[in-house]
Structures are given as C-alpha cells and as structure tokens.
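Subject: Structure handover

Dear colleague,

Here is the structure we spoke about, with notes on what was found in it. Please read the notes with the structure open.

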Amino acid sequence: MQVLESEQFAKPPTHIAIIMDGNGRWASARGLPRVAGHQRGAEAVRVVVESCRDLGISYLTLYAFSSENWNRPPSEVDDLMALLRHYLRREIVELHGNNVRVRFIGNRAPLAQDINSLIDEAESKTSDNSGLTLTIAVNYGSHNEILGACKSIAVAVADGSLSLDSITEEVFDRYLDTVNTPPPDLLIRTSGEKRLSNFLLWQLAYSELIFMDALWPDFTKRQLEEAVSEYHGRDRRYGARNA
Ligand code: IPE
Ligand code: IPE
Ligand code: MG
C-alpha cells in the first residue's frame, strides 16, 4: 500500500477498538463448520496484536463475545468458550514476553470457573507490562455496563460517599469497565455490517468509525494499515470548527 508522506509523521491512533465479525460467513463460504471460522479468527487476533505493536498503537480493544452471543446454539457457545480457554492457555506467555498488558471487560460471573481463573492469571501476570494494552471484551454489553455504573453510583450517593453534584462525566467513566482507558480513536468493524451491536456505546461518542467488507479471518496487517490511513484522512472536529 502506498503511504502518503504526510502520514509517515502522523501520530498513530492511541486506541483502536475492533468488532471482529464474519467468522461464520468465512467458514460457510468454504463449506466448513462455523468453528473453523472462529479458529481462523483467533489466528487473526495474533496478527492484529503484533501489527498494533509494530504500528505503535497503545490500546487495542477486541470484541470477542457479546452479552447477546449466549443466544447462539449451545454447541457454538461451547466452541467459543473452548477457543477462549485455548487462547488464554496458549497466548498469555507470549503476550507477556512481548510486554503486552492484558485486561478483560464484561461480566465474568457466568463464565466457567477455570476460564475466570485463567483471566485472573493473565491480568495479574501482565499487569506491570508497559507495552500495548490489550483489552478483550467477553460477555460484554454496553447497556449492562452502563446500568452497572448507574447502580454503583446510586449506592455511593445513598450511602453518602458520593454527592450528586460531584457526578461528572469523568467520575462516570471511573464506574465503567473501561476505567483508566482512553476512549477509542478508531473503531473498525469487519464483515460489512454497519452497527455497534452493544459495544462501547458511551466510549465511542467521538470515535471515527470504519466499516470494512473483509471478514474477520481475512483481516491482516494490510487491512489495519488501510484503516489507519483512512483515519488519518478524517477531520475530528468534536463539534467545534476548524479554521
Ligand atoms: C464473529 O463472527 C465472532 C463472534 C460474534 C463470537 P460471527 O460468528 O458473528 O460470524 P458471522 O457474523 O455469523 O459471519
Ligand atoms: C458482534 O457480532 C459481537 C462480536 C463480534 C463478538 P455479532 O455477530 O454478534 O453481531 P450481530 O448479531 O450481527 O449484531
Ligand atoms: Mg456476526
């Protein structure tokens, strides 16, 4: 891909979030079972993490399993959980070796005990790393996250530890799963679908959105570079006016 001269010096987006969609269609197009698409999707995760490190991205947030994905047939949910287990067992050592800090967002309570333990282990092992922060959204849904924040704030107001007047947007941010993470500069969704599917609704308020037709298992460094290049061409006005 041709890189414009102006882009060579452009600051990369600090935070990229990705809705990794299209695994099932990738598999169907090849006459394969859906699980084969999810397996290839996990390989694409490896590639995108490496590419983000190369491009100097500080935060990468990946939507791996939504709170609505429980509505899929139990066999597919089982396959996705088995893949998550496998990923946690196989990749964490390498991620740690590459100075990646791993975090999870979403409601962990319904996840299997061993997956919860692997998540705890991954987070604590990598917590002091200073390279890429990789956030993986598992059983994540924005409505649930925002509702949880509202309930915690209501409790704090009721017990007197928080006053109504002190609830600012910054304070609200601290009650979300994404606490201490800047909002995404760029959201990418693969597979041609143009919706957010309950992902980071608060956090994406001023993000640049890029919807691409590539199916997630076909996502490579090239697609990432193209998205970053398109991002650099966007004019982020935040409601103000540029001269
Ligand atoms: C994304 O691929 C993976 C998850 C949602 C877990 P899909 O499984 O949604 O693939 P399509 O959208 O059916 O092609
Ligand atoms: C969004 O994809 C969730 C993930 C990528 C994990 P879906 O495939 O579940 O979204 P919908 O159902 O097409 O909106
Ligand atoms: Mg999908």
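Helices (H or I, at least four residues) and strands (E, at least two) are DSSP runs, numbered from the N terminus, and the expected span of a helix is 1.5 Å times one less than its number of residues. The model is a predicted one: local features need pLDDT of at least 70, side-chain atom pairs count only at pLDDT 80 or more, and totals for chains, interfaces and linings use all residues. Residues are numbered from 1 along each chain as its sequence is written, chains are lettered from A and ligands numbered from 1 in the order in which they are written, and side-chain values use heavy atoms, with hydrogens and water left out.

Helix α5

Helix α5 (residues 113-126) has 14 residues and should therefore span 20 Å at 1.5 Å a residue; the distance between its end C-alpha atoms is 20 Å, in agreement. I115, N116, L118, I119, A122 and T126 are its buried residues (buried means under 20% relative accessible area, exposed over 50%, partly exposed in between, with a 1.4 Å probe and protein chains only). Viewed down the axis of α5, the buried residues fall within an arc of 165°, so they line one face of the helix; the arc is that of the directions from the helix axis to the C-beta atoms. Q113 and S124, on the other side of α5, are exposed. The buried residues pack against α4 (74-97) and β3 (101-105), where contact means heavy atoms within 4.5 Å.

T126 belongs to α5 and counts as buried because its relative accessibility is 0%. Leaving aside neighbours within four places in sequence, T126 is in contact with H96, V100, R101 and V102.

Ligand 2

The residues around ligand 2 are I19, M20, D21, Y63, A64, F65, S66, N69, R72, R189, R195 and S197, each with a heavy atom within 4 Å of the ligand. Polar side-chain atoms lie 2.9 Å from a ligand oxygen atom for N69, 3.2 Å for R72 and 2.8 Å for R195. On its own, ligand 2 has 390 Å² of accessible area, of which the protein covers 78% (Shrake-Rupley method, 1.4 Å probe).

Positive phi values

Most residues other than glycine have a negative phi. S197, which also surrounds ligand 2, has a positive phi near 45°. S197 sits in the loop between β5 (186-189) and β6 (208-211) and is partly exposed, with a relative accessible area of 30%. Y238 is not a glycine either, and its phi is positive at about 50°. Y238 lies in the segment after α8 (221-232) and counts as partly exposed at 47% relative accessibility.

P13

P13 lies in the loop between α1 (5-8) and β1 (15-19) and is buried, with a relative accessible area of 1%. Not counting residues up to four places away in sequence, P13 touches I57, D185, L186, V228 and Y231. P13 and L186 are 173 residues apart along the chain, yet their C-alpha atoms are separated by 6.9 Å.

Regards

Technical notes. A polar contact is a pair of N or O atoms within 3.5 Å; within protein, one must be able to donate a hydrogen and the other to accept it, and residues adjacent in sequence count only if both atoms are side-chain atoms.
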